[in-house]
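Me: Hi! I'm new to this one, could you walk me through it?
Reply: Happy to, let's look together.

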Amino acid sequence: MKDLQQLARPNIWALKPYSSARDEYKGKTAEVFLDANESPYNQPYNRYPDPLQLDLKKAISGLKQVPVENIFLGNGSDEAIDLVYRVFCRPGIDNVVAIEPTYGMYEVCADINDVEYRRVPLDEHFQLSAAALLAACDEHTKAIWLCSPNNPTGNLLLREEVEKVLRGFDGIVVVDEAYSDFSDARPFRADLPLYPNLVVLNTMSKAFGAAALRLGMAFASADIIGLMNKVKYPYNINSLTQETVRKILGNTGLLHQHLVDILQARRSMELALESLPICLRLYPTDANFILMRVTDADAIYNYLVDQGIIVRNRNHVHLCAGCLRITIGTRSENTRLLSALRKYR
């Protein structure tokens, strides 16, 4: 890996971050707060939230087995994605490399930040070639984007290929593990000490059932986390989100049961979908969704919309022609979808 100062944008490395009122007395106790021009009324919502979310990070640290200093919390994973560009990529100069197909926000954030986005297609099994990804890089490539389990394909990327990328690239490698809780594979966040250039993303939106709260996570070296904290907005996670997520994380038994229910339903749905006349192929999945190639994706999608059922039409995504992406829902939701598909003619 290149020295972090070489990778970071010079203006970001030299940036003096905004010092919030809550930062300036940390480490000391206080009862009277007259420093931040807050209203003294309407407690507890009159006070600014902890800008570094330390109590919440401690709860996440215990669950994810990652030290607090290696955790960044963002307004959804999208904030962490955008920060990788803002910290490391000089607009109009640097580029990033990504697998194709994959999560669309990597490219959207590249476009927003005026950073060239280079796509490297997966093979017919939706697997990556480390050699092809590395061949797409040049001296201006600052980051490589990987998603495993991948979206919209659902499959895990071959670990040995990902490790080749981590060892062979001297910039930042982002592995998005938004769906890792649905897989038995060892998460890459467990290997942070081995790879100083690794950034792993996770989210409360999938297995934790908290998409409305907009909490994303990034796990990386303390130095990379420090740069992300330097650039983020001071109070990016509101108090209600921090409080509610702590409550959710306090009920690990219920979280585990929801995960078991989803995995059992996924298997049942695979068997049921595979038996439908419209199904041409089901792709292996390690996520909470199934990618299915069907006889006429556009027509079936529109038919389901008319039935009040929304899936994701991936017909126009590279390598996913003719495919629908179906999220695993409740038993009644899954039953309603299957009933509608059985009636499709």
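Reply: One term to begin: buried means under 20% relative accessible area, exposed over 50%, and partly exposed in between, with a 1.4 Å probe and protein chains only. This is a predicted model, where local features need pLDDT of at least 70, side-chain atom pairs count only at pLDDT 80 or more, and totals for chains, interfaces and linings use all residues. Residues are numbered from 1 along each chain as its sequence is written, and side-chain values use heavy atoms, leaving out hydrogens and water.

Me: Thanks! Is D191 buried or exposed?
Reply: D191 counts as buried, because its relative accessibility is 6%.

Me: And where is D191 found?
Reply: D191 is in the loop between β5 (172–176) and β6 (198–203); strands here are DSSP runs of E, at least two residues, and helices are runs of H or I, at least four, numbered from the N terminus.

Me: Which residues does D191 touch, leaving out those up to four places away in sequence?
Reply: R159, R186 and L198, where contact means heavy atoms within 4.5 Å.

Me: Switching topic, which element gives the largest share of the lining of the largest pocket?
Reply: That is α9, with five residues. Both α3 (54–64) and α9 (239–249) supply at least two residues of that lining.

Me: What classes do the residues of that lining fall into?
Reply: The lining of the largest pocket has 11 nonpolar, three polar and nine charged residues. Ala, Val, Leu, Ile, Met, Phe, Trp, Tyr, Cys and Pro count as nonpolar, Asp, Glu, Lys and Arg as charged, and the others, Gly among them, as polar. A pocket is an open set of points on a 1 Å grid over the protein atoms alone, where a 1.4 Å probe fits, with protein on both sides within 12 Å along at least five of seven lines; lining residues have an atom within 4 Å of a point.
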